[in-house]
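This briefing goes through a structure topic by topic. Please look over the sequence and the model before reading on.

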Amino acid sequence: MDRTIYQNGQGNGAGVKAQTATTNQARPARSTMQSEYIWLDGELVPFERATVHFLNPTLHYGPGVFEGIRCYATARGPAVFRLREHLERFLASARVLGVTDLPYGLDELRDAICRTVCANGFSECYIRPLMYFDGPLGLNLDAYRPVVAIAAWKWGAYLGQEGLETGVRMMVSSMTRMHPNSSMTKAKISGQYVNSILAKTMAARAGFDEAVMLDPDGYVAECTGENLLLVRDRIIYTTPRAAILEGITRDTVITLARDAGYTVVEERLSRDQLYIADEVFVCGTAAEVAPVREIDYRAIGNGRVGPVTHHLQQLFYSAVRGEHHRSAEWLDYMVMEPMI
Ligand code: PPE
């Protein structure tokens, strides 16, 4: 499998030197997200032509919703993992934001994603639908026109290949995760990711791979782009849904774990419950299932990938590759239809 390591500017490994701001030369170019076509408002256009005007509300204020989806290579060809659930969340995000006139429904979006994957000839890729707005500046959403675009590209291990194999290092962020009544934690709203960017950037500059974010009450919420789970005495614990993004990978992992006979408990967790856990891992579409070996300079367990995390990683990869009994309900095989 082609897994180019995507450097988020993070360090990985004990004693990594704190990083200062990345220099221009070290910054990855947009070409790391290269494809031939991008689906833009109803049609496939060449990559270079998928541009938007500087005067649009999403660029200025951040209203917009997106999804992060992965397509995996399987014995039966490329298959998108839990596409329906991702598209349902995309539509739910738009609804939460208050959009009443999204021009595409679930079937049209599924078709658009299929065309984007097939036209680009990817056997596996990351897929990014975005709904952004066209229209005048000003803060009333009803003056905007929603537009949808979909890109796909090869995105390797989000937290680094080494992190997937030996565990990532995290710090608890001084940034609080958003309050559910000042942002919408159930929606993947573009502007809300500034909260994640602030936390992630500080963590990366301090030499960590990722940041744990606490909710406004001081309990563990999630990471900047993943949900978080811990294992203690072989029981899996994760935070309740109210103040987090309801991750589809989180749901996948919980389902696989329960199928395999583990007990999974959803309850509030304090930061020191992380420190004394036997195992901690994070999960998300981009990050997949990544073990955590250190938080705030405390080794988690023995500092190596724990047995439960390892088992769940294996179950996860067999599910996304079509080799698990759950695969049939979770994989949407992309069939290449002739382009007209
Ligand atoms: N919490 C947050 C804040 C989050 O952004 C993600 C996904 C998750 C949890 C996990 O959700 P799910 O993908 O449904 O399991 N983060 C996406 C964006 C990553 C990015 O940097 O962009 C992703 O993983 O696609």
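**Helix α6 and its end**

α6 is followed by Gly261, which has a positive phi, near 100 degrees. The model is a predicted one.

- Helix α6 runs over residues 248-259 and has twelve residues.
- From the first C-alpha of α6 to the last, the helix reaches 16 Å, close to the 16 Å expected at 1.5 Å a residue.
- α6 is largely enclosed by the rest of the structure, because nine of its twelve residues are buried.
- The buried residues of α6 are Ile248, Thr249, Arg250, Thr252, Val253, Ile254, Thr255, Leu256 and Ala257.
- Residues three or four places apart in an α-helix point the same way, because there are 3.6 residues a turn.

**The shell around the ligand**

- The ligand is surrounded by 22 residues, and the closest are Tyr126, Tyr158, Tyr193, Thr249 and Thr285.
- Thr249, one of these closest residues, is also among the buried residues of α6.
- The shell around the ligand divides into eight nonpolar, eight polar and six charged residues.
- At least two shell residues come from each of β6 (125-134), β10 (220-223), α6 (248-259) and β14 (279-284).
- Domain 1 (4-155) and domain 2 (161-320) each contribute at least three residues to the shell around the ligand.

**Polar atoms at the ligand, and cover**

- In the side chain of Arg128, an N or O atom is 3.0 Å from an oxygen atom of the ligand.
- A nitrogen atom of the ligand lies 3.3 Å from a polar side-chain atom of Lys188.
- Ala286 places a backbone N or O atom 2.9 Å from an oxygen atom of the ligand.
- On its own the ligand has 550 Å² of accessible area, and the protein covers 94% of that area.

- Most residues other than glycine have a negative phi.
- Asp41 is not a glycine, yet its phi is positive, at about 50 degrees.
- Asp41 sits in the loop between β1 (37-40) and β2 (43-46).
- With a relative accessibility of 29%, Asp41 counts as partly exposed, since that class lies between under 20% for buried and over 50% for exposed.
- Ser31 is ten residues from Asp41 in sequence, and their C-alpha atoms are 22 Å apart in space.
- Arg234 is not a glycine either, and has a positive phi of about 65 degrees.
- The loop between β11 (227-232) and β12 (235-238) holds Arg234.
- Arg234 counts as partly exposed, at 48% relative accessibility.

**His310 in helix α8**

- Is His310 in a helix or in a loop? His310 is in helix α8, which covers residues 307-320.
- At 42% relative accessibility, His310 counts as partly exposed.
- His310 and Val280 are 30 residues apart along the chain, and 11 Å separates their C-alpha atoms.

How values were computed
Residues numbered from 1 in each chain as written. Predicted model: local features only at pLDDT ≥ 70, side-chain atom pairs only at ≥ 80, totals over all residues. Heavy atoms only, no water. Near = heavy atom within 4 Å. Polar contact = N/O pair within 3.5 Å; in protein donor to acceptor, adjacent residues only side chain to side chain. Areas by Shrake-Rupley, 256 points an atom, 1.4 Å probe, with all protein chains shown as cover. Helix = DSSP H or I, 4+ residues; strand = E, 2+ residues; numbered from the N terminus. Nonpolar A, V, L, I, M, F, W, Y, C, P; charged D, E, K, R; others polar. Domains from an automatic or database assignment. Expected span 1.5 Å × (residues − 1). Buried < 20%, exposed > 50% of the residue type's maximum accessible area, 1.4 Å probe, protein only.
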